[in-house]
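Trainee: I am new to this one. Could you take me through one part closely, and then show me what lies around other parts?

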Amino acid sequence: MTEAHIAHLKVFRGEPGGATRYDEFDVPVEEGMVILDALHWIQGNAAPDLAVRWNCKAAKCGSCSGEVNGKPRLMCKTRISDLDLDEPITVEPMRSFPLVRDLVSDVSWNYEVNKSIQAFTPPAGLPQEEWRWQQQDIERVQEYRKCIECFLCQDVCHVLRNHETEKPFMGPRFLVRTAGLEMHPIDEGDRRGYLKDTGNIGYCNITKCCTEVCPEHIKITDNAIIPLKERVADEFYDPIQWAWRKLRGKPAAGAAGTPLPMLQGGSASDAPAAAKGDKPTSEG
Amino acid sequence: MPIETHPVDVLVVGAGGAGLRAAIEAQAAGAKVGLVCKSLLGKAHTVMAEGGVAAAMGHVDPLDKWQTHFRDTMVGGKLLNNPRMAQLHAQEAPDRVRELELWGAVFDRTQDGRILQRPFGGHSHPRLAHVGDRTGLEMIRTLQDRAVSSGIDVFMECTITKVITGANGVAGAFGYWRTTGAPVLFPAKAVVLATGGIGKAYTVTSNSWEYSGDGHALAYDAGAELIDMEFVQFHPTGMVWPPGVKGLLVTEAVRGEGGILRNKDGERFMWKYLPEERRNEYAATDEEAKRWVEAASKGQTSDARRPPELSTRDNVSRAIYTEVKEGRGTPHGGVFLDISYLPADHVRRKLPSMYDQFKELADVDITKGPMEVGPTTHYVMGGIRVDAETGESTVSGLFAAGECAGGMHGANRLGGNSLSDLLVFGARTGAGAAAHAKGRRDQPYVDPVQVSTSERELAAPLERGAGEDPYALQRELQEMMGRLVGIFRVDGDLQEAIGEIAKLRARLPNLAVRGGRVYNPGWNLVFELRNLLIVSEAITRSALQRTESRGAHSRLDFPETDQAGWGDRNGVVRRRADGSMEVATTELPAMSDELRALLGGAH
């Protein structure tokens with residue numbers, strides 16, 4: 001086998017609290033191989049205890065998220081032939097979340113945030129037999145619903161990654177989910193107060209990093225976050241709306257509810273010196 | 001140190017569509033529910049389902065009724081299905097689909113704004129409610145959101161290794177957290193197994209690592225019966241290239257939308273393989289098939305009959321296998337599947353994830369050229385023998401739903417019937433388990449001996465020091481099953497496989513893994529291998545017993561369907577007191593005259 005058919009992988013290893021390191025592996029490259037194939041080769045031939053989270057291996061379940069050469073990626077979709085094989089390929093877990101072990105990070109915080117979103121709320125008085133929507137009326141909502149919950153958008157979001165905000169931020173994934181409910185043709189829920197005061201949508205300063213890493217090509221910023229920001233602004237920052245509410249003594253829409261938990265420190269702080277301080281770069 | 005313990009009324013093992021639907025129903029009936037899954041919530045195999053969910057709603061063709069869906073299901077299953085299950089399934093699927101819409105699902109629409117339905121193999125009318133080709137994602141997300149907002153306790157990344165039983169049936173389950181390796185105990189009045197399939201017994205499969213026959217094996221160990229285990233569905237269209245994605249599913253919706261199968265000589269070979277007795281249900285010419293596709297792509301029906309590619313999965317798989325075997329395959333050992341003759345934007349809109357999958361993983365633009373496809377292990381029709389009304393197994397308090405339950409699909413499952421199966425029987429089983437839990441006066445007694453044995457089994461591979469590598473054993477098993485117990489079977493191969501399985505099982509106690517308990521995939525694999533060996537033996541022994549060809553089970557030495565000898569019986573597998581596997585048959589459940597009449601000439 002010639003040198004050109006070997007990929008050199010530098011794989012992050014370790015557990016929280018213990019020493020972490022990068023193990024290096026030379027993996028024979030097959031046609032069409034992806035990073036996840038290389039990790040499976042390592043498990044089957046060199047390090048059977050290498051921790052990797054994965055399921056479908058077809059970019060449909062969103063389990064195998066990680067960072068390849070510092071970029072948040074689905075490992076089942078990252079073709080080795082697209083990378084420079086003269087350099088080692090660095091594979092690391094998603095850095096914004098706490099480490100479980102090796103390439104697996106603890107994403108349970110996301111599930112906690114998800115619980116706080118008001119579920120689909122259809123109108124009580126409209127029998128289901130009468131629900132009629134045109135395909136063009138639901139195409140935007142179907143775009144949001146393409147999300148496979150890989151959490152790469154949460155990983156790349158600098159608000160979450162830097163862990164420096166005073167209040168918790170729900171992150172792009174859950175803004176997308178909320179947008180899917182708010183813009184459902186017949187949903188009657190009102191999540192604007194929640195977005196403003198619990199999800200803290202104001203923290204997003206629309207740098208679009210989330211959109212760039214989305215493997216489902218959802219236009220997260222333009223199609224989900226900005227329209228939600230506009231809805232919140234119309235409700236809370238429009239002087240006419242404000243005066244009208246004062247006059248009628250009505251509270252603002254969409255009650256806020258209990259605060260979200262803060263996302264605790266990510267594994268970036270566990271990284272050995274070599275990788276410390278690396279900023280993730282999204283792909284343009 | 002005491003084991004972490006979570007007492008519940010109903011423990012649901014598996015959080016795919018069936019497990020989620022069962023948990024929602026049990027919780028709604030007032031039971032305290034625990035939902036355990038090996039992966040993160042929302043990642044189960046249901047997410048991979050593409051084409052749609054079958055339900056006779058009649059939105060595209062008003063002629064479609066539950067009676068037709070029942071008949072199609074029975075004919076597709078070669079009349080080996082449990083007729084009562086097929087009836088309940090056909091009758092209740094429309095309501096279960098509409099309920100998803102009530103919970104927030106957003107299906108594709110007809111021109112008059114209702115849920116759109118697409119044609120699929122073996123279905124007489126356009127019947128599959130869908131969202132492009134990501135229907136499973138829509139379903140699992142809808143059910144997940146519903147379960148979470150109902151306040152169900154979810155235990156993610158947790159593996160169950162033992163169903164604990166006592167004098168009164170089920171008493172709970174023992175398992176461990178994959179993230180820490182710590183043991184965990186769930187005392188329960190009822191346990192619902194919803195663990196999916198067995199695809200990881202084979203090398204080429206559309207299934208993920210999770211599909212290791214856990215529910216089948218847990219039930220078998222607990223004394224429950226399995227039925228129909230010889231029937232493993234090889235889906236006709238998996239990817240064949242590149243090597244890393246070999247087996248990955250190419251949705252039947254490609255053929256539902258008009259995809260044409262050709263061999264390397266350009267021949268549309270499916271014309272040759274249509275069974276004589278069903279030939280009149282299919283188009284007679286390319287021209288008629290084309291007219292059918294034109295109508296279907298507008299969501300309409302026409303007088304044209306469906307294309308030959310929409311024959312049932314068992315038949316299309318055998319056809320592709322035969323073409324390749326006889327030297328008419330493509331360079332990568334498959335056949336061509338072509339949808340590129342339709343407008344590119346239509347293909348991208350109806351099959352977006354197939355478009356992405358081929359573009360990104362195989363450098364193929366399906367709007368410009370054909371895909372290469374071949375058969376892949378996809379689904380097991382066989383499973384835990386259950387009561388049609390409640391989903392209860394032959395062990396009191398142990399229930400099963402979805403793919404790990406048997407009976408519904410007979411000898412061959414129609415595409416789209418698994419998603420409807422998991423909704424209909426998920427709900428029925430959740431209700432059945434909740435009622436069982438409510439009716440039980442005793443608190444479950446968790447036998448400490450079973451718990452300590454389970455703990456020892458968990459620790460053993462880590463403490464063994466030196467031994468065999470579980471990955472190597474898995475590769476040997478998969479290769480052997482593909483070679484000896486694949487699409488075409490013969491006595492000698494099956495006998496050889498039984499011997500090989502015994503040898504592999506004898507090596508299980510020598511498996512050793514390095515590393516600790518925290519998220520250690522080599523260690524986790526040990527327990528999945530144990531389950532895979534049980535289901536592999538059940539498949540092989542059942543295949544050896546059935547000396548005929550029917551549905552997905554094809555015997556080279558018995559190529560004919562033997563209606564007199566085998567048409568009235570299901571294979572049954574159970575564990576003998578000495579731990580060995582017993583294989584027998586049981587009479588097919590009786591069919592009412594009303595249902596028999598619906599089958600008309602088919603019976």
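Which residue stands opposite I227(B) in strand 20 of chain B?

Mentor: V572(B) stands opposite I227(B) in strand 20 of chain B. Before the rest, some ground rules. This is a predicted model, in which local features need pLDDT of at least 70 and side-chain atom pairs count only at pLDDT 80 or more, while totals for chains, interfaces and linings use all residues. Residues are numbered from 1 along each chain as its sequence is written, chains are lettered from A and ligands numbered from 1 in the order in which they are written, and side-chain values use heavy atoms, leaving out hydrogens and water.

Back to your pair. Strand 11 (residues 226–227) and strand 20 (residues 569–575) of chain B run antiparallel, joined by two bridges. Strands are DSSP E runs of at least two residues, helices are H or I runs of at least four, and both are numbered from the N terminus. Pairing takes at least two DSSP bridges.

Now widen the view. The open sheet has four strands of chain B, in the order 16-11-20-21, with antiparallel pairing. Strand 16 (383–384) and strand 21 (581–587) are its edges. Each edge strand has a single partner, so one side of each lacks a neighbour in the sheet.

A helix covers part of this sheet. Helix 16 of chain B lies across strands 11, 20 and 21 of chain B, and runs at about 50 degrees to strand 21. Axes are lines fitted to C-alpha atoms (for helices, over the stretch in contact), with angles from 0 to 180 degrees between N-to-C directions.

Helix 16 (residues 521–545) also meets helix 5 (residues 214–221) of chain B, at about 75 degrees, with their axes 8 Å apart. The two are therefore roughly perpendicular (the class for 65 to 115 degrees; under 35 is roughly parallel, over 145 roughly antiparallel, the rest oblique). Helix 5 of chain B brings D214(B), H216(B), A217(B), Y220(B) and D221(B) to the contact. Helix 16 of chain B brings E528(B), N531(B), I534(B) and V535(B). Contact means heavy atoms within 4.5 Å. The residues of this contact divide into four nonpolar, two polar and three charged.

Helix 4 (residues 135–149) and helix 12 (residues 417–439) of chain B pack at about 15 degrees, their axes 11 Å apart. That makes the two roughly parallel. T135(B), M139(B) and L143(B) of helix 4 touch L419(B), L422(B) and L423(B) of helix 12.

The buried residues of helix 2 of chain A pack against helix 4 of chain B, among other helices. Those buried residues are W109(A), N110(A), Y111(A), V113(A) and N114(A). Buried means under 20% relative accessible area, exposed over 50%, partly exposed in between (1.4 Å probe, protein chains only).

One last stop. L248(B) lies in the loop between strand 12 (232–239) and helix 6 (253–256) of chain B. At 6% relative accessibility, L248(B) counts as buried. L248(B) touches both chains, its contacts including C56(A), K57(A), A58(A), M48(B) and L361(B). L248(B) and G374(B) are 126 residues apart in sequence, but 9.9 Å apart in space, C-alpha to C-alpha.

Note on methods. Ala, Val, Leu, Ile, Met, Phe, Trp, Tyr, Cys and Pro count as nonpolar, Asp, Glu, Lys and Arg as charged, and the others, Gly among them, as polar. Lists of a residue's contacts leave out its neighbours within four places in sequence.
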